[in-house]
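Dear colleague,

Please find below the structure that I am handing over to you.

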Amino acid sequence: MVENRPLTAILTHFMLMLGVIAIALPIWITFVAATHDAARMTQVPLPLWPGTHLWANLKQTLFGSGLSGTEGAPVWLMLFNSLAMAMMISLGKIGISLLSAFAIVYFRFPFRMTCFWMIFITLMLPVEVRILPTFEVVANLGMLNSYWGLSIPLIASATATFMFRQVFLTVPDEMLESARIDGAGPMRFFFDILLPLSRTNIAALFVILFIFGWNQYLWPLLITTDTSMTTIVMSIKQMLEAAEQSPQWNIIMTTALLAMVPPIFVVISMQKLFVQGLTETDK
Amino acid sequence: MAEIKLTDLTKSYGPTEVLHHVAGEIRDGEFIVIVGPSGCGKSTLLRMVAGLETVTSGEIRIADRRVNELEPSARDIAMVFQNYALYPHMSVRENMAYGLKIRKLSKAEINRRVEEAADILEIRQYLDRKPRQLSGGQRQRVAMGRAIVRDPQVFLFDEPLSNLDAKLRVQMRLEIRKLQQRLGVTSIYVTHDQVEAMTLGDRLMVLNGGYVEQFGTPIELYDRPASVFVAGFIGSPAMNFLPATAEEEGMLLPSGIKLIAGVGQRGPVLLGMRPEHLIPDAAGPIAIEVEMVEQLGANTLLHGKLSGTDHAMVASVSGHVSAEMGTAHRFSVTPELLHLFDPETQKRLEA
């Protein structure tokens, strides 16, 4: 559809700019707020241009006690917690769903389809729905305030299993037969052929799952009471309510800025594989 | 070294039997082509020999060893698939070496074998490319290279040329044949293309609906087809069939003409004559009303009907022949080149 009417051109550009502003302005404000000192942030009007305190704020946020006047964990520890949780969730999800999809696609066992549909039905049961029983289980297993408790209940994934099932179904049968003639056993086939063939899909899924894990809010809030286990996403909310003082916007915004960095890094570094994984059909 | 013996082989999927009591012996170093229309069970038979399909009953022996229960990798075979089934993420070298690596051969030995095979197939310069960077013909060579490096007792080919264009197919056909003769490895080749079958095979196994119709050399199949199916399947254009009645002094054609042939038979028969055996002869007994002319250059195909009847006939005449639509052309045929079949059993009747 190629049109060359100036009015439409202006209109489309206007809409696009509106969209960019809607997305970028909050990030800009966050960035600006992270570059001023606490005093400036309490004055009206709010600054719209960067100040000079970025490094000082970063240093205080990362390695100081964060918010002054609270006994919260330092932000670097929260970043580490979030990173550990997101990595465990995404790698765990990928590992488990790869194996279950492998079992469902390549093995004939009794109640194979029943298993598949049972996995599929868990799509309807995200953590938010089963939060009380899951909490009970995790508490009884003594996993409160641990990385295991943070990640394990979120690991089972119907979506990823389903996706890998579809990926494996596109691998031609001859590939398996050829591997059998070459003498490769099931696990050998899995590691030597299937894994490399699903490389791009794994990368695409990793990006999505990492961000899913990173953004977890409700579950970590529920099962971590120890401040040393706090994740960065929940800490931002806690900082707002910290003590009976006015929020220290410069520190909060610096934290928010830091919370954005790892997902951005993951997306950018995986971008090429991510796009391939979602678009490539050739096996 | 490696003869293959199939004894009373059947294959069923649930209650439906798709292969019925297939038997045959393949000598060492022979090139056997299994040919038949799609759905006749030829690929199933090959995959049973490969070990990719289970055997319902009967026995497969390779080099006098029962292999029914053996894994494909333990049968000492190599297979070339229709879509080549190359591992897309491995280079040509890795593709060829994969099976050897699993068998834990030494690196030096693997390299030696891969390079030797690459030299035979002239793909040495592609060894470090990925399959997707190769053309169809080159992929085909790699697939064969993967079979060669394993130094198997049996090669199995599952329609390996059907993804290539016509010209390349003819070329690869010759190469496969030369290669097989050079290596002397017993081979089974599945195809639906009868020309491919005729040119490649030492012997052909014609399958139809899960039954072996005939198992013999290409010339045997052409000269003495055992059934109507084989007669119609082998040879191009296909054989003409006419219902006829055998009488004392000859064969009564539906056009009312008598042919002096097939003495010794009585009653209704199915008369077969190959289009290329019809000789133009102004005084010949067979008159064909021409409906369409196909000029192939070297020869001309006259399509039409037997005069006065509705029976379609084709005659293949060498050189260029021009024929008006609707005109009758007369042909004669040597009695020895006629084939007689029983209209009931569809089997060949010996004169």
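How many residues does the contact take from chain A, and how many from chain B? The contact takes 15 residues from chain A and 17 residues from chain B, two residues being in contact if their C-beta atoms, placed from the backbone, lie within 7 Å. This is a predicted model, in which local features need pLDDT of at least 70 and side-chain atom pairs count only at pLDDT 80 or more, whereas totals for chains, interfaces and linings use all residues. Residues are numbered from 1 along each chain as its sequence is written, and chains are lettered from A and ligands numbered from 1 in the order in which they are written.

On the side of chain A that touches chain B, the elements giving two or more residues are α9 (173–181) and α10 (186–197) of chain A. The most comes from α9(A), with six residues. Helices (H or I, at least four residues) and strands (E, at least two) are DSSP runs, numbered from the N terminus. By class, this side of chain A has seven nonpolar, two polar and six charged residues. Here Ala, Val, Leu, Ile, Met, Phe, Trp, Tyr, Cys and Pro count as nonpolar, Asp, Glu, Lys and Arg as charged, and the others, Gly among them, as polar.

Chain A itself has 14 helices and zero strands. Its C-alpha trace spans about 75 × 65 × 30 Å along the principal axes. In chain A, 32% of the 283 residues count as buried. A residue is buried if 20 or more other C-beta atoms lie within 10 Å of its own, exposed if 12 or fewer, and partly exposed in between, with C-beta atoms placed from the backbone.

Helix α7 (residues 147–155) of chain A has as its buried residues A:Gly149, A:Leu150, A:Ser151 and A:Leu154. These pack against α4 (75–106), α6 (131–140), α11 (199–214) and α12 (218–223) of chain A.

Chain B is divided into domain 1 (4–232) and domain 2 (240–349), with bounds that come from an automatic or database domain assignment. The centres of the two domains of chain B, taken over C-alpha atoms, are 38 Å apart. Their contact takes seven residues from domain 1 of chain B and eight residues from domain 2 of chain B.

In chain B, six strands form an open antiparallel sheet in the order β13-β12-β11-β14-β20-β21, where two strands pair if DSSP finds at least two bridges between them. The edge strands, each pairing on one side only, are β13 (258–259) and β21 (348–349) of chain B. Strands β11 (residues 240–247) and β14 (residues 267–273) of chain B are joined in the antiparallel sense over seven bridges. B:Phe241 has B:Gly272 in β14(B) as its bridge partner.

The largest nonpolar core has 130 residues, of which B:Ile34, B:Val49, B:Met79, B:Val154 and B:Leu156 touch the most other members. A nonpolar core is a set of buried Ala, Val, Leu, Ile, Met, Phe, Trp, Tyr and Cys residues joined through C-beta atoms within 7 Å. The largest share of this core, nine residues, comes from α11(A). Another core, of 15 residues, lies apart from it and includes A:Val75, A:Val233, A:Ile251 and A:Ala256.

Yours sincerely
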